[in-house]
Each structure stands twice: as C-alpha cells, then as structure tokens.
Amino acid sequence: MKTRQSFSTPEDFLSQLQTEYAESALEGAPDSEFMARTQADLNALDNTVTYTAEQLRSMAVVGAQLKEHVYGSLAADMAARIVPNIAVGILDTGEANAAIFKSPDGKYAILLNNGLLLLLNKFVKLMIAWEDPGRVIYCNRKPAEELTVGELREFLPELVETYKQYGAPHGAMLKLAPYVVGRQSSLLHLMELFIVCHELGHFLNGDLDNESDFCVVEDRPWLRKFEENKDHAIEYAADATGFQLLQTVLQAIPGNFSPLNGLQAIILLFNLFFLLTEDESPSHPNPRTRSVRIARQFFGESFADALESSYENPELLRALFPKD
Ligand SMILES: [Zn+2]
C-alpha cells in the first residue's frame, strides 16, 4: 500500500493509522512462526490476545469517548490550540505506554496501546479485590469465595510479566460485584484521562517542536514517534501541565470527580508503571517520584511527604485517602 504523505486533519491521520495497524494486528506478522508460538502459549492461558475486528472496533469506541471527554472540556483558546493539531485514539501499537505519532505533514496522534488498557482494567480490579476479597464474584482459577488476599496479590506479577513479554496481560480473570463496578470503571477512566492529559502536556509545553526528539517507527518509514522519557525534567513538566488539564476535564465531565480522586488514580497508575519499569534510569524517571512531585505541586509539602513515606509503609496511604 502506498502511504499518504499529507492529511487534511489529525483525525484523517488517525484513521490512516487505524487502518494500517488494524491490518497488521489481524493478519500480518514479521515472523509467523514466532507469532504462532506466542499465540499457542497465550491460548493456553486465555484467548483474548488476537483482536477480532469486533474488539478493535470496540476499542475505537473507548478511544472516541476518551477524546470526547478531554476535548469536550477544553476552554475555547485551549481547544483552538489542540483540536486542529492532535487526535487521540486506541490502537494495537505494540508500545508499552501511550505514544505520540507524527505524520510527514506535521499532524499528531496520541495513541494508547490496546494491551495497556486491558492491563489497567485488570490491575484496577485486583486493587479493589485486595481491599476485600468478598467483592470477587467470579474467578477462572478457583471458586471466588475461597480466594484470599494473598492469592489475589500473587495474580499481579503474572499480569505484569505477560504484559512485558507479549504486550498484552494474561492471567487470572476476575469479575467483581456490581456494587464496586462503578468504582472500577471510574478509576480506570481517571487513569486513561491522565495518560491522555500527560501526552497533551508535551504538546502544550512545546516538547514536540524539536524534530530531533522524534524517531522513525520501525517498519513504517513514513511515520515518526516522539521519544518519551529522554529527560526527567521534561516528563515532570508534562505531568504538571497534564494534571492541570486533568482538573479542567474533571470539572466538566459527569461523575463529580475531585482533584484528589484524580491524584489517587495517578498514584495507582504510577505504582503499576513502577512494577513495569522497576526503577529509574538516567533518562527514565522513577514513576513513584512522579506521583510525589504532582502531590507536592498541587497538594502541598506535608501531603507529598506522607505519600513518599507510604511507599515504605502502605498503611499511611489510607490516611491520605479517606474511605469512600
Ligand atoms: Zn511523557
């Protein structure tokens, strides 16, 4: 297929990406034997890794809602900067985290990896189940009523490891009681919103203006991708701009979310990224440090100090977030 070089809008660019990536997710694979073996391994665990056309479409619906919530909340001046330049979507990008892609004619698209959203959803369910195993109404590993907190805790490393290895999480499958499903979807949505807001933070901070911070995407020479995590200060600044933006979004969308609700979701999100990345590298900030920095800037010194101490003693976290 001859790839287009110019696009009328960022949405137009996004739909080109959706077409290309959907085709490769459904059929193409550089090494068919490797993919077949991976698929066989995964089928032994569960069978959700090859996305059907139906699943890809439903991810597109989630992406559209995410975009609607963020873009629909922007003040006119902010919307005028963002909307004509950047699209938001969900795709099987194979990137561990969200990424910003750039077209040859300078349109941007923020893309969240399908597998990341699945991982976040499973992670949120586990967090809620840890507080009270009685909230689990179904588990594919054993009768739900026999599950202990210890067993539920052991499910997380498996999800993290399979995500690292295959780009999609595989492990125990849980269903939670209807009375916590609202909390589950709220926490998940807050995490997704912050991920999008962080990426928009890069755009608003001018981080995308420097061509040398983009690299060519493997197997797609026409496409470039913003290199995340080259610099701690740039990431912290995008978090700060992103959190500011998130607060605007939370005031506009249904759900009565407070800034503290947003922070709580971010702390959980960065705890998960901490497990995915282990620790900081010269270019890659420690995800927990990122939570603490947001807390320090927006909630004050003592709150941030208490959060920092809670990484040694998780009981302290309860005091920061009164039970709902
Ligand atoms: Zn970033």
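## The open sheet

In this predicted model, five strands line up as an open sheet in the order β1-β3-β2-β7-β6, with mixed pairing. Strands here are DSSP runs of E of at least two residues, helices are runs of H or I of at least four, and both are numbered from the N terminus. Two strands count as paired if DSSP finds at least two bridges between them. At the edges sit β1 (86-91) and β6 (214-217), each pairing on one side only. Neighbouring strands of the sheet are turned by 35° against each other on average, direction ignored.

Axes are lines fitted to C-alpha atoms, for helices over the stretch in contact, and angles run from 0 to 180 degrees between N-to-C directions. Contact means that the C-beta atoms of two residues, placed from the backbone, lie within 7 Å.

Helix α6 (residues 149-166) has 18 residues and spans 27 Å from first C-alpha to last, close to the expected 26 Å. That expectation is 1.5 Å times one less than the number of residues.

The buried residues of α6 are Leu152, Phe155, Leu159, Thr162 and Tyr163. They sit on the same side of α6 because they cover an arc of only 100° around the axis, taken from the directions from the helix axis to the C-beta atoms. These buried residues pack against α5. On the other side of α6, Gly150, Arg153, Glu154, Pro157 and Gln165 are exposed. Buried means 20 or more other C-beta atoms within 10 Å of a residue's own, exposed means 12 or fewer, and partly exposed is in between, with C-beta atoms placed from the backbone.

## The whole protein

Overall, the protein has 12 helices and seven strands. Of its 324 residues, 34% count as buried. Among contacts with a separation of 6 or more, 65% link residues 24 or more positions apart.

## Numbering and confidence

Residues are numbered from 1 along each chain as its sequence is written. As this is a predicted model, local features need pLDDT of at least 70 and side-chain atom pairs count only at pLDDT 80 or more, while totals for chains, interfaces and linings use all residues.
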